Amino acid sequence: MSGVGTLNEKSLHAQLKAWYAQPGDRAEVPVDRFVVDLVRGPLLIEIQTRNLSAMRSKLAVLLDDHPIRVVYPIAAVKWLSKVDADGVPSPRRKSPKRGRPLDVFGELVSIPTLVDHPNFEIEVVLIEELELRVHRPRQKRRRAGWATEERSLEGVVEHVRITGGADLVGLLPELPDRWTTADLAATAGIRRRLSQQVAYCLRKAGLVEQVDKVGNAAVYRFTA
């Protein structure tokens with residue numbers, strides 16, 4: 001069997017599963033050779049707190065025979081709490097970063113062709129999250145030695161369900177008939193890298209096509 005299971009389950013995963021569960025749902029159910037977080041009638045529900053790429057093999061096996069909803073959290077509000085090497089905690093502070101549904105494209109790059117699969121949908125859950133960091137300079141050279149120890153759920157702000165290409169395009173701001181990733185980045189107020197990931201996902205899903213090139217910049221338009 002392959003799956004998270006409850007033995008190694010992290011706090012955020014367990015809390016989201018408890019928040020999402022409804023009466024009658026079954027938890028940690030063996031389906032084929034995998035373990036599924038929640039089963040609601042014919043629907044399989046998977047809570048994935050990071051790295052949608054880790055689900056590719058699971059989805060490849062299950063999608064043809066089962067409708068699957070992937071629940072993916074994005075921190076609309078993030079609180080940071082640090083514990084130094086001596087175990088002394090510092091007052092928690094709010095991160096200036098605020099996530100939004102558009103950020104899901106950064107993960108969808110690993111499975112863009114599944115967006116229009118009739119059995120696939122993804123629910124983006126905007127949450128308030130507490131991230132606990134501990135100081136481990138020998139293990140983590142990035143972030144000046146601070147490593148994320150745990151993530152936990154403080155509250156749910158909003159949730160957006162994506163059931164096909166139209167819902168995915170609906171996450172975007174209004175764009176001209178022909179646009180570049182620079183146009184998207186400026187209009188949406190996002191980093192250029194994310195705008196490139198958006199364009200890649202939409203192109204792989206058949207939702208946009210490249211119609212021109214200006215210098216090194218591809219020019220896109222939405223397909224009918």
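Student: Against which elements do the buried residues of α5 pack?
Tutor: This is a predicted model, in which local features need pLDDT of at least 70, side-chain atom pairs count only at pLDDT 80 or more, and totals for chains, interfaces and linings use all residues. Residues are numbered from 1 along each chain as its sequence is written, and side-chain values use heavy atoms, with hydrogens and water left out. Helices (H or I, at least four residues) and strands (E, at least two) are DSSP runs, numbered from the N terminus. Packing rests on contact, meaning heavy atoms within 4.5 Å, and the buried residues of α5 pack against α6 (192-204) and β9 (217-222).

Student: Which residues of helix α5 are buried, and why do they lie on the same side of α5?
Tutor: Buried means under 20% relative accessible area, exposed over 50%, and partly exposed in between (1.4 Å probe, protein chains only). In helix α5 (residues 181-188), the buried residues are Thr181, Leu184, Ala185 and Ala188. They lie on the same side of α5 because, taking the directions from the helix axis to the C-beta atoms, they cover an arc of only 100°.

Student: How many aromatic pairs does the structure hold, and what is the angle between the planes of Trp19 and Tyr20?
Tutor: Rings of Phe, Tyr and Trp (its six-membered ring) pair if their centres lie within 6.5 Å; planes under 30 degrees apart count as stacked, over 60 as edge-to-face and the rest as tilted. The structure holds three such pairs. Trp19 is partly exposed at 37% relative accessible area, whereas Tyr20 is buried at 8%. Their rings form a tilted pair, 5.8 Å centre to centre, with an angle between the planes of 50°.

Student: How many residues apart in sequence are the parts that Trp179 and Tyr220 tie together?
Tutor: Trp179 and Tyr220 form a tilted pair, 5.3 Å centre to centre and 40° between the planes, and both are buried. Together with Phe222, Trp179 and Tyr220 form one aromatic cluster. Trp179 lies in the loop between α4 (165-169) and α5 and Tyr220 in strand β9, so the parts tied together are 41 residues apart in sequence.

Student: With which side chain does the side chain of Glu123 make a polar contact?
Tutor: Glu123 belongs to strand β6 (residues 120-135) and is buried at 1% relative accessibility. A polar contact is a pair of N or O atoms within 3.5 Å; within protein, one must be able to donate a hydrogen and the other to accept it, and residues adjacent in sequence count only if both atoms are side-chain atoms. At 2.8 Å, the partner of the Glu123 side chain is the side chain of His159.
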